[in-house]
Amino acid sequence: MIETEIEAAEHKDFEADGYKIEDTGDVLRRLAVVRKADGKMMRDGFKTKPDAAHYIATELAPRAA
């Protein structure tokens, strides 16, 4: 039997454009997009970081008028 120690995963994983992607630590909620300015969770339940990053790029990015 082999014992190994692993470090805890970092919960703040990705930051871009005023938002960050965080691991919620909840199996159902998974990854969440959080606004950095006030800590408001914009949406959760993303299965992958690319899915959450796509949400930031398409739904939360400022739009040209």
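Biologist: Buried means under 20% relative accessible area, exposed means over 50%, and partly exposed is what falls in between. Is Lys 20 buried or exposed, then?

Modeller: Lys 20 counts as buried, because its relative accessibility is 18% and the cut-off is under 20%. Keep in mind that this is a predicted model.

Biologist: Noted. Where is Lys 20 found?

Modeller: Lys 20 is in strand E2, which covers residues 19-23.

Biologist: Which residue does Lys 20 form a salt bridge with?

Modeller: Glu 22 is the partner, and the closest N and O atoms of the pair are 3.3 Å apart. The two side chains also show up as a polar contact of 3.3 Å.

Biologist: Is Glu 22 buried or partly exposed?

Modeller: Glu 22 is partly exposed, since its relative accessible area is 23%.

Biologist: How many salt bridges does the count come to?

Modeller: The count is 3 salt bridges.

Biologist: What does Asp 44 pair with?

Modeller: Asp 44 forms a salt bridge with Arg 29, with 2.9 Å between the closest N and O atoms. That pair ties together distant parts of the chain: Asp 44 belongs to strand E4, while Arg 29 sits in the loop between E2 and strand E3 (31-35), 15 residues apart. Asp 44 counts as partly exposed at 28% relative accessibility, and Arg 29 is partly exposed too, at 32%.

Biologist: And what do the side chains of Arg 35 and Asp 38 meet in?

Modeller: They meet in a salt bridge, 3.0 Å from N to O. Arg 35 has 25% relative accessibility, so Arg 35 counts as partly exposed.

Biologist: Let's zoom out. What pattern does the protein follow along the sequence?

Modeller: It reads β-β-β-β-α, with 4 strands and 1 helix in total. Of the 65 residues, 20% count as buried. The accessible surface comes to about 5300 Å², and carbon and sulfur atoms account for 51% of that.

Biologist: What share of the contacts between residues at least 6 apart in sequence join residues at least 24 apart?

Modeller: That share is 12%.

Biologist: What is Phe 46 in contact with, leaving aside neighbours within four places in sequence?

Modeller: The list is Arg 29, Arg 30, Leu 31, Val 33, Asp 51, Ala 52 and Tyr 55. Phe 46 lies in strand E4, residues 41-46, and is buried, given its relative accessible area of 7%. The C-alpha atoms of Phe 46 and Leu 31 are 5.0 Å apart, although 15 residues separate them along the chain.

Biologist: Tyr 55 is on that list. Where does Tyr 55 lie?

Modeller: Tyr 55 is in helix H1, residues 49-60. Its relative accessibility is 13%, so Tyr 55 counts as buried. Beyond four places in sequence, Tyr 55 is in contact with Val 33, Met 42, Arg 43, Phe 46 and Leu 60.

Biologist: What should the 12 residues of H1 span?

Modeller: At 1.5 Å a residue they should span 16 Å, and the end C-alpha atoms are 15 Å apart, which agrees.

Biologist: Which residues of H1 are buried?

Modeller: Those are Ala 52, Tyr 55, Ile 56 and Leu 60. Looking down the axis of H1, the buried residues fall within an arc of 100°, so they line one face of the helix.

Biologist: Which exposed residues are on the face turned away from the buried side of H1?

Modeller: That face carries Pro 50 and His 54.

Terms used. Residues are numbered from 1 along each chain as its sequence is written. This is a predicted model: local features need pLDDT of at least 70, side-chain atom pairs count only at pLDDT 80 or more; totals for chains, interfaces and linings use all residues. Side-chain values use heavy atoms; hydrogens and water are left out. Helices (H or I, at least four residues) and strands (E, at least two) are DSSP runs, numbered from the N terminus. A polar contact is a pair of N or O atoms within 3.5 Å; within protein, one must be able to donate a hydrogen and the other to accept it, and residues adjacent in sequence count only if both atoms are side-chain atoms. Buried means under 20% relative accessible area, exposed over 50%, partly exposed in between (1.4 Å probe, protein chains only). Contact means heavy atoms within 4.5 Å. A salt bridge is a side-chain nitrogen of Lys or Arg within 4 Å of a carboxyl oxygen of Asp or Glu. Accessible areas come from the Shrake-Rupley method with a 1.4 Å probe; for residues, only the protein chains shown count as cover. The expected span of a helix is 1.5 Å times one less than its number of residues. The arc is that of the directions from the helix axis to the C-beta atoms.
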